Amino acid sequence: MKYSNWFLSISLGLAAGVASQSTCSLATFQSFLDTNQTTAVVQRAELVADNGTFKVTGDTPYPTSPTGLRALCAIQVNVTSEANTHYSFGLFLPVDWNGRFLSVGNGGYAGGINWIDMGAGVGYGFAVMSTDTGHSGSYSDTAWAYGNPESITDWGWRAMHGSTVISKMLIESWYGLSSKYNYYSGCSVGGRQGLRALQLFPGDYDGVSAGAPAWWTTHLQLDAVKTLTYNQPVGAEHTIPSSMFTVIAAEVLKQCDPQDGLTDTIISDPIGCNFDPTPLLCNSTATTGCLNGEQVKTMYKIYNDWVETNQTFVFPHYLLGTESQWSMNIGEGSESSLENQSGFAQNLLQLGANWTWHDLDYETVLLAEQINPGNATADDFDISPFYARGGKLIHHHGLADATLATGSSIYFYQQVKAAILSQSIQLDDFYRMFLVPGLEHCMASPSNVNAPWYIAGANQAAQLGTSASGVPGFRDAQHDVILALMNWVENGTAPDAIVATKWDNDDVTKEVSRQRPICPYPQQAKFNGSGDPNLAESWQCARLY
């Protein structure tokens, strides 16, 4: 069967049933919850017409209303947990259902329902859920966590798992059939949510798409503070001014771009680049637009791992080619940026407002490991139970990510490989990781790079528009990570590459400017040596070392 026909069959031919639209009411869904003795209350239930809009109200981190939706029933449910905390979730139930369930993740500490990613998911025909993780607040707000360890557990894993369980029950009650396959898609903290779910509850999902997962909670959040300390205080001899970030980026691109085999504005192999900082140094003829010796030392810290006494590895560094995001994640040493990143220690570690970035040391890391707030860190590397029940994991991370160091994904991959090595399990049989050249954190590419980055991963569709779903013009498993995951789970066809797409100005009404295969680690895309380098067929996956 050709893949296009297979997708048509899952979209239309396998719909498990069409529930009566007249039963989309508070009473209907409350009766489902009561019958199943669930401690939950339906807060919202409404019909959305075909090509309609779901109006989002009062959601701080996810205020955007999805448009162009399939006809569906939208509900919102508030759950009382066994710890007497509360979390909510939204659920889209399309009239024309493909028989499958999809959970979508959150970002940062966001306390809100990710309605816009739900809209992208329902475009495939999924019944789609997102949870607010048990609180209301912005991506960076942590005040809710102080003195509330059970709420941290909701954020860490409980809200996602509980919402998944109840959503599956509601799906079966509404359609009269249970979901045939269950999937997950999330990026950043959403990627962590997916990894933690398959570790703690390997039966929750058949397939997980985890983008740039913030899995190492106990180290990552403190590394965000540590990295900011390199370039402070403002105006010091060693502090790199933000005006130099673009100068550094240009020199990195100049040196690293051709080293990967093709000069095309894309650094495909930042890990293998031999970078010489000497051209950036000030000298007798260049006294401005350059770095002094102390600033070069600061740059060295940024490009190298956080390592403590006795070579104790704490967290990986930002890669060459991430400079476009340094203004936010490196900064110029302002007190406000350091204070904004102190919330994890102050509120999740319960150290209080008197803790400041000056107090950060390795003992703080050890304390974080001891507490492991909310049991959120996804470091149960033996994921063989997920493998044993047939689960499939596609993990991707941008090589231009300076919000979450790409090396953390490589470290996770290597730890999983080591954990299952003795069990005679081939990692590629159920877990593949794709490193995306030029992709920043979850979405987008620097304007001077213009790399193909779109694979329909979590958070990406919203960058194309409020009605976007999948990969416009390329509705197949070769271009779409969600369809690739489904093809692997349901047909046993593993993705040997996923073609990333770039439109002119990221406008899908314009021409496709570049496409390129993204290869499973440790392979990389290699130019064939002839043909148009902007076409995917001019590339092949190969190990370069």
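1. The side chains of Asn-372 and Thr-377 are joined by a polar contact of 3.3 Å, a term that covers a pair of N or O atoms within 3.5 Å, of which, within protein, one must be able to donate a hydrogen and the other to accept it. This is a predicted model, in which local features need pLDDT of at least 70 and side-chain atom pairs count only at pLDDT 80 or more, while totals for chains, interfaces and linings use all residues. Residues are numbered from 1 along each chain as its sequence is written, and side-chain values use heavy atoms, with hydrogens and water left out.

2. Asn-372 sits in the loop between helix H12 (362-371) and helix H13 (384-388), and it counts as buried because its relative accessibility is 17%, where buried means under 20% relative accessible area with a 1.4 Å probe, protein chains only. Apart from neighbours within four places in sequence, Asn-372 is in contact (heavy atoms within 4.5 Å) with Thr-218 and Thr-377.

3. In helix H2 (residues 26-35) the buried residues are Thr-28, Phe-29, Gln-30, Phe-32 and Leu-33. These buried residues pack against strand E1 (40-48), strand E2 (72-80), strand E3 (86-94) and helix H4 (149-175), and just after H2 a positive phi of about 50° is found at Gln-37.

4. For the lining of the largest pocket, H6 gives the most, with 4 residues, and helix H3 (115-122), helix H9 (326-329), helix H10 (335-340) and helix H11 (343-348) are among the helices that each supply at least two.

Methods:
Buried < 20%, exposed > 50% of the residue type's maximum accessible area, 1.4 Å probe, protein only.
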